[in-house]
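I opened this notebook to keep track of what I looked up, entry by entry.

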Amino acid sequence: MEAEGEKAKAVGCPSETSLAGKASICQGCPGQYLCSQQGAVDPDQEMIDLRMNAVKHKILILSGKGGVGKSSLAATLSMALAKLDKKVGLVDLDICGPSVPKLMAVEGKQVINSPYGWTPLKSPHFDVKVMSVGSLLEKTDNAIIWRGPRKTGLIKQFLKDTFWGRLDFLIFDTPPGTSDEHLTVVKALKNARPDGAVVVTTPQEVALATIRKELNFCRKVDVKVLGIVENMSGFVCPHCQECSNIFSTGGAGKLADEFGVNFLGSIPLDQNLCVCCEQGSNIFESFPESLAGQALQSVASELIRVLGEK
C-alpha cells in the first residue's frame with residue numbers, strides 16, 4: 001500500500017492504483033465516485049453487456065471543447081451511415097445540454113416504456129433510433145441540475161434499459177471535455193468492446209491544443225481513436241459555392257499525423273447545413289448537392305473503411 005501511495009504522489013492521479021477514489025488527492029474530483037467503485041461488481045453490467053453485444057459497432061464522438069459542432073456531426077454522421085443502409089442508433093450523453101432531439105426531429109416526442117425496456121424514438125431521418133434525456137423531460141426548457149452519480153445512473157440506463165435491438169452502429173454524442181460522462185460510458189462498454197472514438201475539432205490552433213488533451217485522454221483510458229474530423233473547415237459562399245478558408249486550415253490533418261491516427265475528412269461551414277441543424281431537417285434530402293452534405297457522406301464512407309466494413 002505504501003508503494004501505491006508513492007506511485008499516486010508521483011503520477012498525480014491514482015486512477016490505475018488501489019487508491020483510486022480513496023487518496024487525498026481524489027477529494028473534489030468529479031470522477032471520485034466512479035474510481036472508488038473500481039473492482040466492485042456492478043449489478044447493471046450483465047444487462048449492459050447483453051444489450052451492447054447486439055450492436056456491431058459502438059463509436060464515441062469526442063471533443064475537448066464546446067462549440068466545435070460535435071452534436072451536429074454526431075447527428076449528421078448517424079444519418080449518413082443510415083443512408084448507406086446501416087441500422088443506426090444515436091445516444092445523447094450530454095445530460096445538461098441535450099440537442100440531439102432537435103437535430104433528429106424528435107423534439108416533443110416522449111419515450112415509451114415497454115415490457116422490453118425504453119423504446120428509443122425513431123427519427124424521420126432514415127429511421128435512426130434516438131435516446132436523449134431531452135425526451136424524458138416534461139418540459140424541454142427544464143434545467144437539469146444533477147451531480148455525478150445521478151448522471152452515471154442515467155447513462156447506464158440508456159445502455160441497459162433501452163431496447164436497441166440489433167444495430168450496425170450506435171453513436172454516442174458526448175459532452176465536451178473528459179469527465180463523469182466519458183468515464184462512465186467507457187467503463188460500461190468495456191466488456192462489449194467499443195470500436196473507439198471519432199474526435200472533432202475546428203482548424204484554429206486554440207481548438208487543436210485542447211484536442212491534444214482529448215487524444216491523450218483516449219490513450220490513458222485505452223480507447224482507440226478511429227480518426228479526427230476537421231469541422232468548420234472553410235466557408236461555403238451561398239451564392240457561388242466557392243469555399244474560402246476564413247480560419248486556418250489543415251491543422252487537424254497535421255495533428256492526425258502527429259498522433260499517428262486517421263484523418264477522416266474536413267467539413268466546411270455551409271449555410272445549408274446550418275439551416276438543416278436549426279430546423280431539424282435532413283441535409284442529404286434537403287440539399288443533396290451541398291458541399292457539406294458531400295463531405296459528411298465522405299466522412300461516413302471513410303469511417304466504414306477504417307472499420308473494415310463492406
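Entry one. I looked up S281 and found it buried, with a relative accessible area of 18%, where buried means under 20% relative accessible area, exposed over 50% and partly exposed in between, with a 1.4 Å probe and protein chains only. I placed S281 in the loop between α10 (271-279) and α11 (283-286); helices (H or I, at least four residues) and strands (E, at least two) are DSSP runs, numbered from the N terminus. Leaving aside residues up to four places away in sequence, I noted that S281 touches M79, H125, V275, C276 and S286, a contact being heavy atoms within 4.5 Å.

A note on what I am reading: this is a predicted model, in which local features need pLDDT of at least 70 and side-chain atom pairs count only at pLDDT 80 or more, while totals for chains, interfaces and linings use all residues. Residues are numbered from 1 along each chain as its sequence is written, and side-chain values use heavy atoms, with hydrogens and water left out.

Entry two. I turned to β2 and found that five of its five residues are buried, so this strand is largely enclosed by the rest of the structure. I then looked for its partners, counting two strands as paired if DSSP finds at least two bridges between them. β2 pairs in the parallel sense with β7 (residues 167-173) over five bridges, and there G89 stands opposite L170. β2 also pairs in the parallel sense with β6 (residues 129-132) over four bridges, where M131 is the bridge partner of V91.

Entry three. I looked up C96, which sits in the loop between β2 (88-92) and α5 (100-103). C96 is partly exposed, with a relative accessible area of 43%, and touches I144 and K151 when residues up to four places away in sequence are not counted.

Among contacts between residues at least 6 apart in sequence, 73% join residues at least 24 apart. Last, I noted that the C-alpha trace spans about 65 × 50 × 40 Å along its principal axes.
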